[in-house]
Amino acid sequence: MKNGYLPFEKPLAELRDKITELKKFTQEKSIDMSDEIATLEAKAARLEEEIYGNLTAWQKVQIARHASRPTTLHYIRTIFTDFMELHGDRLYGDDPAIVGGIAKLDGRPVTVIGHERGTDTKDKIARNFGLPHPEGYRKALRLMQQADKFGRPIICFIDTQGAHPGVEAEERGQSEAIARNLREMAGFKVPIICIVTGEGGSGGALAIGVGNRLLMLEHAYYSVISPEGAAAILWRDAGKAQEAAEALKITSADLKALGVVDQVIPEPKGGAHRDPMQQSAYIKEAILENLQPLLNMTPEELVEDRHRKFAEIGRYTTIVPT
Amino acid sequence: MLLKDLFRKQRKYATIPSPEAKKEIPEGIMQKCPRCGTIMITKELEKNLKVCKSCGYHYSMTAPERIRSIVDEGRFFEYDEDMVSEDPLGFPEYKKKIKADMDKSGLKEAVITGEGTIGGYPTVIGVMDSRFRMGSMGSVVGEKIARAAGRAVDKQYPFILFSASGGARMQEGVLSLMQMAKTSAALEKMHRNGLLFVSVLTNPTTGGVSASFSSLGDINLAEPGALIGFAGRRVIEQTVRQKLPDDFQTAEFLLKHGQLDRVVPRHELRDTLIKILEFHAYGRETQ
């Protein structure tokens, strides 16, 4: 839809169009219709509340995948200063699906890493739509090891459909690259904060996601399998992705309830793409709030804290189902 | 012409296993090799560690069979034997499926962990069983493996884990995904403590299991012909829009691409493991 509206936003889009039209009309004809406009604006506000206050899991997935949703580079450039991108894994190549480097957070040097989906078509293709190859994860690992050596906090932005499924990725050890990151991240002696900003697609997302704190944007999702993939397995029908999205419990509220996510970062009404600068401000605030207590921990405490976080995730019992 | 030649010729025309042909064989008494079609008496097959006498095909082993084939005198002390899955998401059909797999396999979950000696070396052992939810990893599998690694740290024992898994368990959603991090973190602690972790990848080891603990061995071994990989074959075929070679994602393929230390036939596996344990026991004798 035009102006980047999603199908479920249609009533709101129409109403806003009407308001714009009316305003234009009153200006041109110099007729006072402020009462009518006020009524419509109140109605729009109510409608906004109604639509955005009750988003289904599937609607959130659509927002998380929105073509204009801000990407990692936007957040890096607006939250930090002096970003210096560093390239390559020193083994095979430089995967543009993952970006990373050193930047300053309110003057403090930090290492920032994230999936980068790309912005325009050409950029998206060059970045493989943010689906990393093993060299991407190995670049991330190299930069994290560098951060660990120099005592810099690590901030990771998670936004990928998943690790790239391809022949070369398998040949170069996609599994090993992800697995190694999970193990190494668990052991770093610096604070690690991970933020799911858009799509948290399974192992390909988790591979830069083992942090002391896991934050998540309000409309982001994080799942073990894509809703389409789950629907195809469950009901042999990828079209049932809506139902699968509900069943998989993938929203920020779900993950908070399951004890996986530590904090949900609010989004501007309608999603991050409606006000990317405001979104950056929200994220920055959350990073600073979560980083402070971590900075007071010793290296050993940081490792212990991270281990405890993941050791506690999961549900099990000794009562056999009947 | 010798009698055995006669049989060999016949086999040439019976190598395509059809669903009908499979049904002809009474279940339990005999088994037909899915690769070459050779029929073996089940008891003989089991005596042969479930390896086809004719073509060397490695049938799947159940976790109890695997344990018997590896530990000294089959003596094994199980950890966390009563841990079972919950249904944390209220996922459609999940409880029913767990119950059905329990009844079918006699197992409580898709992994058995515990300890025993192998060639006299005390070792923490984990064995996955693909009959239970395709060996998928949910909270219980993750917790049991993480705890087993924790025991290895406490006791300063090596840890050998046999994986057989389709990946993370969809029905526990993101909690399953997080078990990848949980198990890997537990192995990080072992790693930091200078303890040996040997991963034995058996058919199949894919998805989230391949992308976590099973790729983290100080030594990664695999059984011949085992399917090992991150993404599913069909997903990759759809992505690249080309047919993949037959040996794609086999143990041999991974070995060729530098992703494994060795491919070890099942008959040599116990001896290989003993040798590895011996290498790493030098200078750290246990009483």
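At 2% relative accessibility, B:Gln249 counts as buried, where buried means under 20% relative accessible area, exposed means over 50%, and partly exposed covers what lies in between, for a 1.4 Å probe and protein chains only. B:Gln249 is found in the loop of chain B that runs between α9 (233-240) and α10 (251-256), where helices (H or I, at least four residues) and strands (E, at least two) are DSSP runs numbered from the N terminus. This is a predicted model, in which local features need pLDDT of at least 70 and side-chain atom pairs count only at pLDDT 80 or more, while totals for chains, interfaces and linings use all residues. Residues are numbered from 1 along each chain as its sequence is written, chains are lettered from A and ligands numbered from 1 in the order in which they are written, and side-chain values use heavy atoms, with hydrogens and water left out.

The backbone of B:Gln249 has a phi near 65 degrees, a positive value in a residue other than glycine. B:Met134 likewise has a positive phi, near 55 degrees, and is not a glycine; its place is in the loop between β6 (121-128) and α6 (139-155) of chain B. B:Met134 is exposed, with a relative accessible area of 60%. Chain B also holds a cis peptide bond between B:Asn203 and B:Pro204, with omega about -10 degrees, and B:Pro204 lies in strand β8 (residues 197-206). In chain B, which has eleven helices and eleven strands, 54% of the 287 residues count as buried.

| Residue | Relative accessible area | State |
|---|---|---|
| A:Thr26 | 13% | buried |
| A:Asp95 | 5% | buried |
| B:Met134 | 60% | exposed |
| B:Gln249 | 2% | buried |

A:Thr26 belongs to helix α1 (residues 10-29) of chain A and, leaving aside neighbours within four places in sequence, is in contact (heavy atoms within 4.5 Å) with A:Ile31, A:Met33 and A:Ile37. A:Asp95 sits in the loop between β1 (81-85) and β2 (98-105) of chain A, and, not counting residues up to four places away in sequence, touches A:Pro132, A:His133, A:Glu135, A:Gly136 and A:Lys139. Although A:Asp95 and A:Arg127 are 32 residues apart in sequence, their C-alpha atoms are 7.6 Å apart in space.

Helix α14 (residues 299-311) of chain A has 13 residues, which at 1.5 Å a residue should span 18 Å, and its end C-alpha atoms are 18 Å apart, which agrees; the expected span is 1.5 Å times one less than the number of residues. Buried residues in α14(A) include A:Leu302, A:Val303 and A:Phe310, and what covers the buried residues of this helix includes α8 (174-187) of chain A and α7 (173-192) of chain B. At the meeting of α8(A) and α14(A), A:Met185, A:Ala186 and A:Gly187 face A:Val303, A:Arg306 and A:His307 across the contact.

The largest nonpolar core has 153 residues, and those touching the most other members are A:Phe80, A:Phe157, A:Ile195, A:Tyr222, A:Ile287 and B:Phe159; such a core is a set of buried Ala, Val, Leu, Ile, Met, Phe, Trp, Tyr and Cys residues joined through side-chain atoms within 4.5 Å. To this core α7(B) gives the most, with nine residues. A second, separate core of 15 residues includes A:Leu22, A:Ile37, A:Ala44 and A:Leu47.
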